[in-house]
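Subject: Structure handover

Dear colleague,

I am passing a structure on to you, with notes on what was found in it. Please open it first and keep it beside the text.

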Amino acid sequence: MIAIIDDVLAPEELQEILTHFDRADFVDGKKTAGWHAKLVKNNMQLPSKATSTQELRKQVKEALIRNKLFQALVQPKIVHSLLFSRYEVGMSYGTHVDNAFMGKGEFWRSDISFTLFLCEPEGYEGGELVIEASDGDRAYKLPSGSALVYPSSTLHRVNPVTAGVRFAAVGWVQSLVRDPDKREILFDLDTTRRSLFAKGGKTIEFDLISKSYANLLRQWAD
Ligand SMILES: O=C(O)CCC(=O)C(=O)O
Ligand SMILES: [Fe+2]
């Protein structure tokens, strides 16, 4: 499932991150790409080992983890490999698939990829995140603070930036539920039981859907 999550970060948090970017040194993004993605990756990133990057990473991770829609959609076991990117005019990230596993020493599976847009769409031209689906390409350019979550199994790209600068945080999730179809069933059940609860409280219908939700999650989680 491809989904948009709005307002992951508050305007003050966004401002703080952008202020940090103003004085930060960005390095070549090829450093963290797989051997084939390197061939088409042309962007800049915050150095992953810097203490300030680790603090920003923690902040963004916590914001995602406390977001109820993110929880319901992706069932995160771990949010990992988060990085902060900067695309200047002429930069892009050509068509690629994300590596199935990421990390050094400890490896995490990438089930879901996300891009958290960190600047307003009016501030740059081009730079759309394009998901290449079997029925055609879909291009996304979201407001600052909104995130796109999409299956890591897709081919995707970032179009060349033709004016301005594009900032984003990107990362991956190893989900408790590896199969996207199963995640979607859980999401639908969870949405339905919450809607039933809002309308009628803790009825027997709510209890039975909650029971199915919990028991399926128990069966499907790894
Ligand atoms: O910046 C983006 O929106 C996506 C970047 C990407 O595809 C990646 O880092 O693997
Ligand atoms: Fe990617």
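The notes below go from the domains to the annotated site, then to the ligand and the strands around it.

Please keep in mind that this is a predicted model.

Domains

The protein chain is divided into domain 1, residues 3-175, and domain 2, residues 180-220. Their centres, taken over C-alpha atoms, are separated by 30 Å. Contact between them involves 5 residues of domain 1 and 5 residues of domain 2. On the domain 1 side, the touching residues comprise 3 nonpolar and 2 polar ones, with no charged residues.

The annotated site

An unreviewed UniProt entry places the feature "binding site" at His-96, Asp-98 and His-156. These residues span 61 residues in sequence, yet no two of their C-alpha atoms are more than 8.7 Å apart, so they gather at one spot.

His-96 lies in strand S6, which covers residues 92-96. Is His-96 buried or partly exposed? It is partly exposed, because 18 other C-beta atoms lie within 10 Å, and a buried residue needs 20 or more. Leaving out residues up to four places away in sequence, His-96 touches His-36, Ala-37 and Val-40.

His-156 belongs to strand S14, residues 155-158. With 24 other C-beta atoms within 10 Å, His-156 is buried. Its contacts, again without residues up to four places away in sequence, are Leu-129, Val-130, Ile-131 and Glu-132.

The sheet with S6 and S14

Strands S6 and S14 are part of an open sheet of 5 strands, in the order S3-S6-S14-S11-S12, with antiparallel pairing. Strand S3 (41-42) and strand S12 (136-140) stand at the edges; each has a single partner strand, so one side of each is left without a neighbour in the sheet. One of the bridge partners is Arg-138 in S12, which pairs with Ile-131.

Around ligand 1

Which residues surround ligand 1? They are Ser-85, Tyr-93, Asp-98, Thr-115, Leu-129, His-156, Val-158, Ala-168 and Val-170. By class, the shell has 5 nonpolar, 3 polar and 1 charged residues. Asp-98 and His-156 from the UniProt "binding site" are among the residues around ligand 1.

Strand S16

S16 is mostly covered, with 10 of its 10 residues buried. In a regular strand, side chains alternate between the two faces of the sheet. In S16, Arg-166, Ala-168, Val-170, Trp-172 and Gln-174 point one way, while Phe-167, Ala-169, Gly-171, Val-173 and Ser-175 point the other way, and all are buried. Ala-168 and Val-170, which surround ligand 1, point the same way from S16.

S16 has antiparallel pairings with S5 and S9. Strand S5, residues 76-87, pairs with S16 over 9 bridges, and Tyr-87 stands opposite Arg-166 there. Strand S9, residues 112-117, is joined to S16 by 6 bridges and also runs antiparallel to it. In that pairing, Phe-117 has Ala-168 as its bridge partner.

Regards

Conventions. Residues numbered from 1 in each chain as written. Chains lettered and ligands numbered in written order. Predicted model: local features only at pLDDT ≥ 70, side-chain atom pairs only at ≥ 80, totals over all residues. UniProt positions renumbered as here; feature names shortened; annotations may be inferred. Helix = DSSP H or I, 4+ residues; strand = E, 2+ residues; numbered from the N terminus. Buried ≥ 20, exposed ≤ 12 C-beta atoms within 10 Å, placed from the backbone. Contact = placed C-beta atoms within 7 Å. Pairing = 2+ DSSP bridges. Near = placed C-beta within 6 Å. Nonpolar A, V, L, I, M, F, W, Y, C, P; charged D, E, K, R; others polar. Domains from an automatic or database assignment.
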